[in-house]
Structure formats: structure tokens, C-alpha cells
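My notes follow the order in which I checked things.

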Amino acid sequence: MSETPLQHEPVLTVFQKGAEGRRAFQCPERDVPEVDPEQLLPARLRRSQPPRLPELSEPEIVRHYVRLSKRNFDLDSGFYPLGSCTMKHNPRLHERLAALPGHARLHPLQDAEHAQGALELMWNLERALAEIAGLPYVSLQPSAGSHGELAGVLLTRAYHEDRGEHRHKVLTPDTAHGTNPATVTMAGFEVVKLATNTDGGVDLEDLRAKADTDVACLMLTNPNTLGVFDANIQEISHIVHDVGATLYYDGANLNAVMGLSRPGDMGFDIVHFNLHKSFTQPHGGGGPGSGPIAVSERIEPYLPCPVITRETHGDGEAAPARFALENDRPKSIGRLRGFQGNYGCFVRAYAYICSLGAEGLKDASETAVLNANYLLALLKQEGVAEHLPLAYGELCMHEFVLSGGPMKRELQIKTLDLAKRLLDFGYHPPTVYFPLLVEEALMVEPTETETKETLDAFAKAIAEILREAAEDPQLARNAPYTTPVRRLDEVGAAKRPVIRQAL
Ligand SMILES: *Cc1c(COP(=O)(O)O)cnc(C)c1O
């Protein structure tokens with residue numbers, strides 16, 4: 001970013017560039033007879049004017065988009081410790097595999113009979129995810145973590161309705177990711193907040209008071225968004241199951257526990273995975289995601305349609321298996337989307353699981369936790385903890401949440417100022433102002449793919465920014481200085497987006 005030389009050409013939109021008649025590609029002269037267009041398509045369906053497309057040469061197009069790409073921050077150019085988002089490196093091997101024509105060119109409407117390889121990959125991925133979650137049945141359909149949550153809450157509703165029960169509340173801790181209460185509301189349930197205890201876990205007294213037969217489900221993240229593993233999970237599970245509710249695991253934070261602990265063993269009924277976080281996919285910026293769910297025996301009848309089935313004909317293991325898509329499931333909540341899910345994500349996640357193996361996945365989680373704790377210890381050593389103390393506990397899982405409250409009072413800079421100043425040091429800022437219950441929160445998730453050198457340099461950068469602030473808080477308050485744009489009106493951008501450039 002700061003390495004990009006100054007450009008003297010003005011920054012124009014693609015519509016402002018080019019010249020009339022300029023082309024990237026010329027079609028050869030037509031060598032077939034011309035046909036009256038009316039015979040092919042009636043006039044009412046045809047354009048009367050040619051589309052107003054930009055007219056550019058190929059080098060202009062390439063430069064335009066490459067230049068735009070450099071004006072953004074990305075994981076391939078720098079450290080991206082965005083808490084709760086697991087911005088780990090995406091191995092290039094996965095891209096090669098996803099681009100193989102048999103994967104990339106497979107038509108989504110191809111019938112199952114002629115897509116056996118793809119179905120086998122999906123079936124194998126389902127088995128691997130079932131093993132990781134400790135829950136036997138998987139649906140790959142949901143397209144994001146939040147979509148997996150919606151699937152899970154709809155499954156819960158189908159489960160209770162099938163038993164003739166009418167429950168209208170869903171419990172979520174006040175540390176929950178914003179998508180949890182949003183999902184609950186979308187699915188037509190009432191959100192009931194649970195308090196957090198002094199250790200950063202669920203307040204058991206509050207849970208006991210609120211768990212009754214109106215409760216359909218408790219949605220929990222463990223480790224939660226504070227980076228704290230709730231040691232009371234078995235007790236929580238008993239309380240929830242005693243009132244006949246289901247226990248939902250928000251598995252977006254699975255990066256801390258892969259191969260170490262399994263939600264199914266903790267008593268959860270439904271789990272969603274974020275393949276685009278824990279299992280590597282380029283993500284952020286709205287790219288394709290994948291949020292499969294794994295469920296227990298009692299939830300299985302309601303799984304979305306279709307499900308993948310595997311049958312072997314003939315004797316023994318060696319007989320070739322046939323895969324099919326099964327739609328005849330009377331209790332199913334139905335389809336969640338077109339086709340079977342974001343298939344490219346399945347290929348990458350499966351490649352990741354196969355190339356790491358069971359031991360490798362466990363190692364990834366252990367290293368993610370080690371890296372987070374190493375960074376936390378470094379920040380203490382650099383004297384940062386005094387102004388930015390850890391919000392809960394002593395150690396963390398794969399991420400930690402600091403409170404910028406003391407920094408704001410003692411050094412007169414806010415968490416937002418620190419985040420903006422970090423951009424000048426070449427780092428993407430951590431997540432800010434989440435979770436809501438921590439004052440001036442700063443949520444850091446380094447992931448397992450960063451080197452010790454990167455973590456050392458990042459800790460030094462934070463310490464340097466605090467030193468600067470002690471002398472002159474204005475420096476951070478006016479940051480960033482080196483980015484293509486300075487401080488933006490983010491609320492304005494969200495509420496009044498300019499999505500159409502006047503031509
Ligand atoms: C990212 C995240 C989600 C939502 O996942 P999306 O794929 O962004 O919809 C839910 N819960 C937690 C804890 C997360 O970090």
C-alpha cells in the first residue's frame with residue numbers, strides 16, 4: 001500500500017476511461033450468411049440502442065483493475081488479524097484443484113448420474129466434517145455461517161413442531177456474534193439475552209432463571225467471541241436439555257478446537273462450520289462462502305433437501321459406490337438455495353483437510369492458540385497491557401479481546417484511532433468495538449499461518465503507536481496518512497451508497 005508509487009494519471013472510473021471504438025478484442029469477419037434478426041428474436045426483446053459499455057484496450061483494462069486491487073488491503077500483502085474472521089493463508093494448491101476443469105466446468109444442472117466424482121467429494125467432505133464435529137449427519141447447502149445458523153434454527157423449529165411443542169424463545173449470550181440474534185429474529189423467534197460471568201463464560205444463574213419450556217434453543221460459541229472456552233459447557237448442556245431445548249454451536253470459532261474437542265461430545269445438537277474461515281477460502285468482500293451444518297440423530301429427519309446418498313452394489317468394499325441426491329424426505333425443512341452449495345469451497349476445504357490430515361488439523365488449532373497467546377504475552381512485555389488490558393481471563397484460545405478504555409482515558413486516543421494508525425504501519429486493524437460488552441474493544445486473531453517475526457513486529461507497532469500517543473495524540477486521531485483514502489464516513493457510505501457514476 002505505502003509501497004505503491006504515486007500515480008500522476010487521474011483516478012477515473014472505467015466508464016470515464018477509453019475512447020469510442022477502442023477494443024480489447026476484434027472478432028474475425030463474419031463467414032456465415034446474415035440472418036434477419038426478426039427470425040431469431042422478436043423486436044420487443046431486442047435492444048434498440050447498443051449497451052453503454054466502456055470501450056477500452058486490454059492493457060487499459062488490466063491496469064485499471066490491477067490498480068484498483070492495490071488500493072485495497074489484502075491478506076496476500078499483509079498481516080490481517082481481524083478477530084472472529086480467521087484470516088489465515090489460503091494455500092495455492094487449493095486454487096489449482098478448484099480450477100481443474102472437472103470441478104470448475106461442471107454444470108450445476110448436471111444430473112447426479114454424470115456428476116459422480118463431485119458427489120463423492122461432497123460425501124467425503126461430509127464424513128470428514130461429521131468426524132470433526134462429533135455429529136453424524138451433515139448438509140453442505142448453507143452458503144455462509146449466518147445461513148448455517150438460519151438452517152439450524154429452522155431445524156430446531158421443525159424438531160419442536162414435530163413433537164407438538166410450541167416454543168418461541170431462543171437464548172443467546174451477550175457475547176454472541178451479531179448474526180446469532182439476527183438469525184433468531186429472521187426465523188421468527190424472540191431473542192433472550194444471557195449475561196456473561198466474571199470469567200467471560202455464560203452466567204449459569206441467569207441461564208437457570210431463563211431456561212424454561214418456552215425456550216427452543218440456546219445458541220453458543222465455544223470458545224466464545226472473547227476467546228474464552230466455557231468450562232461449564234457440560235452443566236450448560238444439562239440445563240438446556242433438561243427443559244427439552246436444543247443446543248446450537250456457532251462453529252465459526254472452530255479454528256481453536258479442531259481435533260481437540262468436538263461440539264457433539266459437549267452435547268450440542270447442531271453445529272455450523274465456516275469453511276471460508278477455519279478451512280481456508282479467500283473470503284471477505286462478499287466472495288462465495290460455505291456454512292455447512294452437522295446435526296445429531298434426533299435432528300437428522302429435518303435436514304435440508306436433497307441429501308447425498310451412497311450405495312454400494314455387489315460385494316465388499318471394492319464394489320464401486322453410486323452417489324445420488326435424495327429428495328424424498330417428508331420431514332425436511334426443504335431447500336435452502338439453488339443447486340447444492342458453493343462447490344468451489346467444498347473442493348478447497350476437502351483439499352485442506354486431506355493435505356493436513358487429522359494430526360495436521362489439530363496442529364493448526366494448537367498453533368493458532370499458541371500464536372494468539374504468544375502475541376498476548378508480547379503485548380504485555382511491550383508495556384501495552386497497561387493501557388490495553390485483556391478484557392477477560394489470563395490466557396486465551398485462538399483470539400483475544402483487549403479493552404481500550406484505559407488507553408482512551410490515559411492517552412486520549414480511542415480504539416478507532418489505534419486501528420486507523422495501524423494502517424500506516426502496513427497492518428490491517430483487528431476487529432474493533434466488538435463484542436459490545438467490552439469498552440473500546442479490540443479483538444485480535446493472528447491465526448496459525450503467521451510467523452514469529454510478523455507477530456513480533458505487530459506487537460512493536462502497537463507499542464510504538466501508544467508511545468506516539470503519549471507525546472501527541474493528534475497523530476493517531478488524524479490517521480491514516482498513507483492510504484489511498486483517509487477517514488471515511490462509513491455510516492454515510494452504508495446509508496447513502498453512490499453505486500452509479502453519472503455517465
Ligand atoms: C463470521 C461469524 C459468523 C457469521 O458467518 P458468515 O459466514 O459471515 O455469515 C457467525 N458467528 C461467528 C462467531 C463468526 O465469527
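Which element gives the largest share of the lining of the largest pocket? I looked it up in what is a predicted model. Helix H14 does, with four residues.

**Largest pocket.** I noted a volume of about 1,100 Å³. I found 37 residues in the lining. Nearest the centre lie Asn72, Phe73, Asp74, Tyr80 and His428. Elements that give two or more residues to this lining are helix H2 (58-70), helix H3 (92-99), helix H14 (415-424) and strand S11 (431-432). I sorted the lining by class: 18 nonpolar, 11 polar and eight charged residues. I also checked the domains. Domain 2 (113-353) and domain 3 (359-494) both give residues to the lining, so the largest pocket lies between them.

**Second largest pocket.** Here I noted about 440 Å³ of space. The lining has 24 residues, and Leu106, His107, Pro108, Phe339 and Gln340 lie nearest the centre. Helix H4 (101-104), helix H5 (116-133) and helix H12 (343-381) each give two or more residues. The largest share, four residues, comes from H12. By class I have 15 nonpolar, six polar and three charged residues.

**Strand S10.** Which way do the residues of S10 point? Phe400 and Leu402 point one way from S10 (residues 400-403), and Val401 and Ser403 point the other way. I found all four buried. Next I looked for a partner strand. S10 pairs with strand S12 (residues 441-444) in the antiparallel sense, over four bridges. In S12, Leu442 is the bridge partner of Leu402.

How values were computed. Residues are numbered from 1 along each chain as its sequence is written. This is a predicted model: local features need pLDDT of at least 70, side-chain atom pairs count only at pLDDT 80 or more; totals for chains, interfaces and linings use all residues. Side-chain values use heavy atoms; hydrogens and water are left out. Buried means under 20% relative accessible area, exposed over 50%, partly exposed in between (1.4 Å probe, protein chains only). Two strands pair if DSSP finds at least two bridges between them. On a 1 Å grid over the protein atoms alone, a cavity is a set of points where a 1.4 Å probe fits but cannot get out, and a pocket is an open set with protein on both sides within 12 Å along at least five of seven lines; lining residues have an atom within 4 Å of a point. Grid points are joined across faces, edges and corners, and a volume is the space filled by probe spheres set on the points. Ala, Val, Leu, Ile, Met, Phe, Trp, Tyr, Cys and Pro count as nonpolar, Asp, Glu, Lys and Arg as charged, and the others, Gly among them, as polar. Domain bounds come from an automatic or database domain assignment.
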